[in-house]
Amino acid sequence: MSISQPILYLPELESIEDDEIETVAGLKEQFDVIMQKTAEDYGHAVRSVHAKAHGIIEGEMTVAGGLPPELAQGMFSAPGTYKVFMRLSTNAGDILPDAISLPRGVAMKVLEVEGPRLPDAEGSTQDFIMVNGPIFQAPNAKKFLSSLKLLAKTTDRMEGTKTVMSSVLQTMNKGLEAVGVASPTIQSLGGAPNSDPLGETYFSVTPFRYGDYVAKFRLKPVSPDLTKRTDTIIDASVRDNAIRETVQAEMHETTGVWEFQVQLCRNINEQPIEDPTVEWKEKDSPFFTVATVTAMPQDSWSDANVQKVDEEMRFSVWTGLAAHQPLGNINRARKDPYRHSAEFRARFNGCPFHEPSH
């Protein structure tokens, strides 16, 4: 079956709501609640989302040559090799025991990327932020704000209760998956399986400009050292940092290769820009590999990289090229609150964030 031609990017593809400014202000308020609580408890400010890192991995991204015109766009328009840092994480805004199982994330910073940049995007890096599921749990920023208010109320409270709740939700989610229904809402509340992050496939969830077109991104493990860990469950019942310790042990002998893939928007009705709860089906728009990311065996929790990446860097979908502009309601709402929370962290810790150049 032939697939449709990709949709050309036009600013009119986005539909901006009248109350987005008020929603962004609300998001900043809730981020402040989360960060103030955790900073006071830890004596150190952490990220308002994805606070707990499980690994810092250094590698290279190699952009393929000979790509067809619709894929040779933005930073992928010409072959090349770039240094990358990858931060594996869990999505809560407090540092929780790993027994409280939540969705995984990976934030990737690509260094020395040339080209016109997004407004306020310092440096010369390109950030990609992804999670281990194809859809977002909220259809728009207003709904996301409602979820964030719930998280803010439970931040740093009743850890024991959260652990018990996570166990119940994991069982519930397994039951739903057995009948072909996985619930991102249940997973976001603590019902995600405690899977090895090195074997996971990660998705941008939200759409982005892809030069002349529009796309979502995917990071898929392909080397045997990674794929053998897909669907492997880590027992976190007796070790608070079981995931970090497992990843660190595994990365000492792992050669990791991921394919960085692009899914072009081909039908605005079936692949909407503004609602990230709608999965773009692969049968309508397949993923194509435009680059590979390679990481050789290393210490994934070295003091130097933890300081350099976990403490001194910020990750944002709005750090990068104008050719990869974030699109849609959720992405627009991420810009100011994420910078706001990074600035809070920088002030509290006395450590300004840096965009690396090498």
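**Figure 1. Secondary structure and overall burial of the predicted model.** The protein contains 8 helices and 9 strands, and the model shown is predicted. Of its 358 residues, 53% are buried. The protein exposes about 15,400 Å², and 54% of this area is supplied by carbon and sulfur atoms. Among contacts between residues at least 6 apart in sequence, 78% join residues at least 24 apart.

**Figure 2. Helix H6 and the strands against which it packs.** Helix H6 spans residues 242-251 and is mostly covered, with 7 of its 10 residues buried. The buried residues are Ala242, Ile243, Arg244, Thr246, Val247, Glu250 and Met251. Their packing partners are strand E1 (52-63), strand E2 (80-90), strand E3 (104-110) and strand E9 (287-295).

**Figure 3. Pro297 in the loop between E9 and helix H7.** Pro297 lies in the loop that runs between E9 and helix H7 (303-311). Pro297 counts as partly exposed because its relative accessibility is 39%, a value in between the limits of under 20% for buried and over 50% for exposed residues.

Figure 4. When residues up to four places away in sequence are not counted, Pro297 touches Met251, His252, Glu253, Thr254 and Thr255. One of these residues, Met251, is also among the buried residues of H6. For Glu253, the C-alpha atom is separated from that of Pro297 by 5.2 Å, although the two residues are 44 residues apart along the chain.

Conventions
Residues are numbered from 1 along each chain as its sequence is written. This is a predicted model: local features need pLDDT of at least 70, side-chain atom pairs count only at pLDDT 80 or more; totals for chains, interfaces and linings use all residues. Side-chain values use heavy atoms; hydrogens and water are left out. Buried means under 20% relative accessible area, exposed over 50%, partly exposed in between (1.4 Å probe, protein chains only). Helices (H or I, at least four residues) and strands (E, at least two) are DSSP runs, numbered from the N terminus. Contact means heavy atoms within 4.5 Å. Accessible areas come from the Shrake-Rupley method with a 1.4 Å probe; for residues, only the protein chains shown count as cover.
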